[in-house]
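Hi there,

Here's the structure I promised to pass on.

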Amino acid sequence: MADQQEEEERSTLFDTCTFAFVPGKDLTDNLIDELSQSVIRYGGEVCARKRDGSLPLATITHIVSNTIEFPQYDESTAMMIPVVKTKWISASLAKGKQAQIRPYTPDPRMIFSDVMLSCADIPDTDKDTIIGATIAMGGMYSDHVTKLTTHICALSIDHPKARMTIEKKHKCKIVLPHWFDDCFRLGKRIDEGPYLLPDPEILRVPPERSIEPTCSPYIEGATSARPDYLQPPESLGRKLQLTVFVDKKIMLSEDLDMRDRLRQIVVDLVTDGGGQMTDSAEECDWLVCRYRETPEYKQAAQLGKTVGNMSWLFYLIQHNAWSNPLHRLLHYPEPKNGIPGFKDMKISVSNYGGEARIYLENLIKCAGATFTKTMKADNTHLVTARDNSEKCEAARDWNIDMVNHLWIEESYAKCEMQTLTVSKYTHFPPRTNLSEIIGQTFFDEKLLKAIYYPDDPNKPAPITVPVRKRKALDMTDEDSVVEKPGPSAAAGRKARKEFNIMRDADGENVDMPDLPAPSERRAAEFATPARGRHVRSGKENETPSTVASSSRSAKDKALGRLSNLAPDIALYEKEKKRGLKDGHGPWGGKRAADLIEREHLNRRQVSSPIAGEDKESKLEKRPAKKAKPTLPEVEIRIILTGFKRWVNDSQKEDADRKKLRDMGIAVVQDGQPCDYLIAPQLVRTVKFLRNLSKGATVLSSNWVEQCIDTKEVPDPDEFILKDRENEKRFGLKLETSMRRAQKNNGHLLQGIPIYCTAGIRNGTESYQVIAEANSALFMVYGPRSGNTIKPTKPEDDENGPEPVYLLSTSTPEEKKLWKRFEDMARRGNMEPRVVASDWLLDVVMKQEVSFDKKYLVTNFFS
């Protein structure tokens with residue numbers, strides 16, 4: 001009896017479902033016939049496609065497709081018709097009930113749609129994170145390992161789940177949690193191979209070992225936006241039979257710049273395939289153009305036509321299948337002037353090979369940047385699939401930004417340069433070549449509309465009825481709602497009439513036949529009311545009109561909460577009645593309750609005004625609030641260097657800083673604008689040289705001492721630093737240096753290239769700060785540094801050889817760089833000078849560019 005009942009329930013498994021199938025490579029006609037028979041056997045219905053190949057969306061409840069590349073996908077999602085893979089039918093039959101929709105979606109953006117996860121020896125916090133993110137991205141989770149489990153997340157194979165999987169030879173994969181972490185960071189699903197237990201590659205193989213790049217199927221036929229070759233219409237000795245153009249009107253824009261012979265081949269293929277050619281953007285179904293700035297592009301896009309470029313058209317011809325041009329970046333018309341911000345960029349590519357490298361080269365050019373095959377110091381970005389290569393090492397030496405392809409793809413798709421601080425753009429899994437996930441970025445049609453073809457508010461709506469795609473997009477708009485269908489509508493899928501609430505509120509005429517029938521309104525009165533929508537009609541604080549609902553549910557909830565509080569209320573009343581022993585007792589109970597009631601009564605009596613009493617006299621008795629002391633404005637900003645008063649005494653430093661601030665003197669950090677530089681003597685510290693270069697007046701530290709001790713600000717001109725001994729030692733006069741610094745205004749070394757060896761004593765950072773404070777061109781020179789000086793012939797250089805400096809010490813590693821640096825400089829018709837760092841310090845201290853052979857490393861360190 002139970003078996004018979006179960007069989008009856010299974011026979012009605014799909015009784016509320018009406019299916020439509022989308023044929024493709026993975027969904028052949030034979031497979032469709034088999035699945036259709038299974039669906040009908042278990043109570044479902046199958047709708048055939050229309051004559052033009054479109055799906056009857058008004059009558060179907062499910063679309064079965066293994067891809068989202070069919071014309072009505074956007075419209076079906078807007079109408080909330082689920083699109084599922086063929087596996088959904090199999091899973092539903094296996095479970096005896098309809099399976100969840102989300103894990104079986106063909107949308108590639110749901111990267112874990114085929115994953116059934118089970119976790120082993122993972123910490124609870126990490127486990128919850130992995131499970132939540134996996135489910136959010138289309139996966140499923142099960143505590144137990146079953147035949148449907150595809151992945152087990154574990155740290156080792158010692159867990160019972162992992163051992164059972166290996167013993168029973170299940171096909172599921174045992175992966176480290178690192179795989180999920182890398183997928184979550186990238187937002188893409190990478191290959192599990194390097195993460196598989198028991199011997200994961202990421203823990204066994206060094207990251208720097210090379211990896212062969214893999215080809216991504218998402219860039220097939222989409223590596224260039226402007227292909228110049230089309231396969232002839234004859235293939236394998238038979239004429240090419242195209243069905244993709246049946247009943248379609250195609251417009252070829254004038255900006256395509258096609259050769260006459262190629263244009264004629266395309267026209268013949270379209271017409272022989274049942275399509276028509278047109279010159280009207282309003283009449284066409286598909287527009288093929290090159291740029292987004294043309295009038296026909298704007299008109300066609302506003303009318304909801306399908307818009308692509310020549311690469312997209314060639315893809316349709318070669319595959320004889322429809323493809324959405326928004327799903328491949330180089331299938332959509334390119335911006336004529338590129339993406340803002342890319343014009344002055346020079347970008348190189350590393351670790352991508354084959355079609356992926358060609359794809360990135362063309363994408364960089366379409367974005368408006370300059371692509372360079374070889375990388376030099378003037379490159380701005382390196383797009384790399386891994387962070388290990390000669391170019392990557394050079395990028396680190398030259399401080400060139402290193403990103404993966406997701407940065408350039410999302411910048412192009414979102415029509416604006418993306419910030420490099422987003423972690424996924426700089427994430428490189430150790431044993432993965434990211435070329436395997438290239439080409440998975442889609443355009444956002446709403447962004448394209450806002451930038452390239454916004455609606456003109458002053459232009460009246462077109463007389464022609466918009467296409468269904470535009471209707472579907474408008475159904476999700478904020479300012480439009482959809483009327484409910486009549487009782488005869490099938491599962492809510494019948495085409496609906498739409499109207500604009502804001503327009504109705506403004507008092508426009510509404511046709512009476514469009515109003516709901518009285519019987520429908522009467523039925524709605526007895527239905528559970530929905531939340532009313534607040535419509536603004538000019539009054540800011542107008543209460544939205546909603547239908548009052550029954551209060552029974554609210555009363556039940558309040559009664560439930562009150563019953564939960566009953567024990568506490570009873571205990572409170574008991575404590576109130578508890579008396580005192582001998583006038584004393586524990587605080588609480590009746591004492592506390594009586595005191596609270598007396599205080600409450602007193603407050604009420606005080607707050608009640610006495611008849612005839614003047615209210616203003618009460619206000620006068622209230623004491624005025626004490627005003628908070630305000631600090632004076634900052635009049636003098638100082639920077640201290642070599643100041644010894646506060647050494648190892650932070651409390652004294654805080655007290656003295658407060659005194660100075662009360663006098664309008666602020667001690668600012670190095671790098672901020674300042675009026676005076678305070679020093680006990682002439683020193684060659686970074687602070688001293690940096691702020692001297694900015695034109696700050698140098699005062700003796702006695703000036704600060706006197707300010708603190710006397711709490712008065714003496715005249716700064718009387719405390720100009722005087723240090724005859726160090727002036728004689730460094731061969732300068734401080735007063736002259738300050739006067740020159742104020743005249744130079746930080747441009748002493750402007751245009752002078754200064755290199756610094758990577759292994760110089762005390763590091764390169766301090767010398768970089770000093771050089772750049774004087775507007776020098778500072779670069780680090782290391783063993784992997786390439787040629788950063790452009791080769792120049794003497795006859796091409798009108799000004800003659802100019803000096804170029806290399807700061808260096810005399811270590812053996814640095815000596816190896818001297819000859820290479822000199823050869824590079826001479827090839828660029830420049831005079832190489834390998835000098836000690838004292839040359840830079842003395843030049844900045846004197847604020848005068850000069851050179852003496854004593855600074856050459858061969859003389860200085862001899």
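This is a predicted model: local features need pLDDT of at least 70, side-chain atom pairs count only at pLDDT 80 or more; totals for chains, interfaces and linings use all residues.

What is phi like at Asn648? It is positive, near 60°, and the residue isn't a glycine. That's worth a look because most residues other than glycine have a negative phi. Asn648 is also exposed, since its relative accessible area is 80% and the cut-off for exposed is over 50%.

Asp257 is another non-glycine residue with a positive phi, about 55° this time. Look for Asp257 in the loop between β11 (249-252) and α9 (260-272). Asp257 counts as exposed too, with a relative accessible area of 66%.

Next, the peptide bond between Leu197 and Pro198 is cis, with omega at about 15°. Pro198 sits in the loop between α7 (177-186) and α8 (201-204). For background, most peptide bonds are trans.

Last stop: is Ser323 buried or exposed? Ser323 has a relative accessible area of 1%, so it is buried. You'll find Ser323 in the loop between α11 (310-319) and β15 (346-350). Leaving out residues up to four places away in sequence, Ser323 touches Glu69, Trp312, Tyr315, Leu316 and Arg328. With Arg328 there is also a side-chain to side-chain polar contact of 3.2 Å.

Cheers

Methods:
Residues are numbered from 1 along each chain as its sequence is written. Side-chain values use heavy atoms; hydrogens and water are left out. Helices (H or I, at least four residues) and strands (E, at least two) are DSSP runs, numbered from the N terminus. Buried means under 20% relative accessible area, exposed over 50%, partly exposed in between (1.4 Å probe, protein chains only). A polar contact is a pair of N or O atoms within 3.5 Å; within protein, one must be able to donate a hydrogen and the other to accept it, and residues adjacent in sequence count only if both atoms are side-chain atoms. Contact means heavy atoms within 4.5 Å.
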